Amino acid sequence: MGNFDQKVNKFIEIFWEQNGYNKVLQGLQNTLMIAIAGLIIGIIIGTIIATVRVLPKYKTLPKVLNAICSFYVALFRGTPMVVQLLVFYYVLLPIIGLKITGVQVAMMVFGLNSGAYISEIMRSGIQSVDPGQMEAGRAVGLSFGTSMVKIVIPQAVKNILPTLGNEFISLIKETSVVSFVGAADLYVAFNYIGSNSYEFMVPYLVMALIYIVLVLIISLLIKLMERSLKKSDRRN
Amino acid sequence: MIDVINLKKSFGSVEVLKGINMTINKGDIVAIIGPSGSGKSTFLRCLNCMEDPTSGQIIFNGVDIADMKVDINIHRRKMGMVFQHFNLFNNKTVLENIMLAPVYTRCQELKKAKRHNRLAAFGKKEQIPVTTTKEQIKKEAREQAMNLLKRIGLEDKANVYPSTLSGGQKQRIAIVRALAMNPDVILFDEPTSALDPEMVGEVLELMKQLAEEGMTMVVVTHEMGFAREVASRVVFIDEGVIKEEAEPKEFFAHPKDVRLKEFLSKVL
């Protein structure tokens, strides 16, 4: 295993002495920022789409909105994330003349993409809430929107929290493609270390470890959150 | 108070209500009975437009609320509703369940008044006097809710979630939740049908109290005892039409309609 020791030493050398750790921290920050921004934008978009999709549909406006939302979901679920990143960065943004960094583009695309997925998750969550809850809200004179926000969505979110956690985890893992548009994520950082030492085994191994640790921490956080949200279920 | 004129309701091609006319005056306690599938629940749910009527009019306090252009939410605040399955808000405590709608609607009105005043300041128009604050509204609603809970003897349950309560407790809280809006009328949709037999009494007792206080009530029920003792009028709905309508004494002693005689012989 002398060979492996050498590789580890080389990695440590570049990591500490040639500013490798800075790149890794920067990469970690970008990865988390893209995933978190993606999740937040996604939840907002997803909730709006899900609400539109459960609207009663005997008027024209809900029908039109519903068609737009279906199109949106089909579009973003029907193309790979990498393609969306490339199209936004190299096609759409130049056309409208907007100059933003790779990280910002990635946040945007991740938000739009996860919005499409979360809308379906949220819709199943909303439909899992007893329709009587909405009726009771309407019966005391609250509007559809208010009943949704104050009564149905909080219960829906509680039901879908584990699935939402999965979505966040897969977002974190998918950030590994953002280097396509020049965003410096974890992959870019370890690639830098690897190419400086002509040695990729240890850097990529450490990268995998960091992803696993990230995901484990998030799973733990979700579990804690679920427990605190369960309080209205517990008998006391 | 409520005038129902030629109310019809279809689900797809099935016509559930085939033209119902009814007048409900202030202080009336109308018990609606009928076999299952007769349309009695649908009728009740049409009264506050929980189901939109296919045709016909529902005149409530002078306004046709079956008209889709009317802002139904304003009128529903004056029409309480109590459901078979209670439908307490599961994500709110008992106190929040009762306070939610009064606080929200009054805060909305406050916001509207303030917005009006800000705009009116520019146009030198008349100001709406604002005499209350958000905190004041909350405080009053809390007091009112606690009084209502005290009335049904559940003030110690104010801060628990509905999942910890028995059916009878839930339904009584659902009734005071409707009361908290100071409604002109309360609609009851089979309020005791989902309860254990031993809990039916406590809910009926509360309803009886409300009746004695002069609350206008429309009750879809299978409790013939309640209909006989408390109701001022009993209505028999079958096959989507009112087959018979009379005072309880007359209604139970001398039923005229064939279907009603058959129905009463089965349930009494």
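This is a predicted model: local features need pLDDT of at least 70, side-chain atom pairs count only at pLDDT 80 or more; totals for chains, interfaces and linings use all residues.
Local features were taken only at pLDDT of at least 70 and side-chain atom pairs only at pLDDT 80 or more, while totals for chains, interfaces and linings use all residues; side-chain values use heavy atoms, with hydrogens and water left out. Residues are numbered from 1 along each chain as its sequence is written, and chains are lettered from A and ligands numbered from 1 in the order in which they are written.

Chain B is divided into domain 1 (2-89 + 168-265) and domain 2 (91-160), with bounds that come from an automatic or database domain assignment. The C-alpha centres of domain 1 and domain 2 of chain B are 29 Å apart. Contact between the two domains of chain B (heavy atoms within 4.5 Å) involves 16 residues of domain 1 and 16 residues of domain 2. The size of an interface is often given as the accessible area lost when the parts come together. For domain 1 and domain 2 of chain B the buried area is about 1,500 Å², and carbon and sulfur atoms give 65% of that area; buried area is here the accessible area (1.4 Å probe) that two parts lose on being put together, summed over both.

Between domain 1 and domain 2 of chain B the count is 1 salt bridge, defined as a side-chain nitrogen of Lys or Arg within 4 Å of a carboxyl oxygen of Asp or Glu. A salt bridge joins the side chains of B:Glu213 and B:Arg151, at 2.8 Å from N to O. On the side of domain 1 of chain B that touches domain 2 of chain B, α5 (167-179) and α6 (197-212) of chain B each supply at least two residues. The largest share of that side, 6 residues, comes from α5(B). Helices (H or I, at least four residues) and strands (E, at least two) are DSSP runs, numbered from the N terminus. The residues of this side of domain 1 of chain B divide into 9 nonpolar, 3 polar and 4 charged, where Ala, Val, Leu, Ile, Met, Phe, Trp, Tyr, Cys and Pro count as nonpolar, Asp, Glu, Lys and Arg as charged, and the others, Gly among them, as polar.

Within helix α5 of chain B lies B:Gln171, which is buried with a relative accessible area of 0%; buried means under 20% relative accessible area, exposed over 50%, and partly exposed in between (1.4 Å probe, protein chains only). The side chain of B:Gln171 reaches the backbone oxygen of B:Pro191 at 2.8 Å. Leaving aside neighbours within four places in sequence, B:Gln171 is in contact with residues including B:Val82, B:Phe86 and B:Val203.

The contact between the chains takes 26 residues from chain B and 25 residues from chain A. The area buried between chain B and chain A is about 2,200 Å², with 56% given by carbon and sulfur atoms. In chain B, the most area is lost to chain A by B:Phe89, B:Asn91 and B:Tyr104, which together account for 22% of what that side buries. One salt bridge is counted between the chains, and the side chains of A:Glu135 and B:Arg45 meet in a salt bridge at 2.7 Å, N to O. The rule finds 9 residue pairs in polar contact across the interface of chain B and chain A, both residues at pLDDT 80 or more. On the side of chain B that touches chain A, α2, β6 and α3 (94-123) of chain B each supply at least two residues. The residues of that side divide into 13 nonpolar, 7 polar and 6 charged.

In chain A, 7 of the 9 residues of helix α6 (residues 131-139) are buried, so the helix is largely enclosed by the rest of the structure. Among the buried residues of α6(A) are A:Gln133, A:Met134 and A:Arg138. What covers the buried residues of α6(A) includes α7 (144-174) of chain A together with α2 (72-76), β6 (79-82) and α5 of chain B. The N-terminal end of α6(A) is capped by A:Asp130, with a side-chain oxygen 3.0 Å from the backbone nitrogen of A:Gly132. Just after α6(A), A:Gly141 takes a positive phi of about 95°.

B:Asn73 lies in helix α2 of chain B and counts as buried at 10% relative accessibility. Not counting residues up to four places away in sequence, B:Asn73 touches A:Arg138, A:Gly141, A:Leu142 and A:Ser143. The side chains of B:Asn73 and A:Arg138 are joined by a polar contact of 3.2 Å.

Notes:
A polar contact is a pair of N or O atoms within 3.5 Å; within protein, one must be able to donate a hydrogen and the other to accept it, and residues adjacent in sequence count only if both atoms are side-chain atoms.
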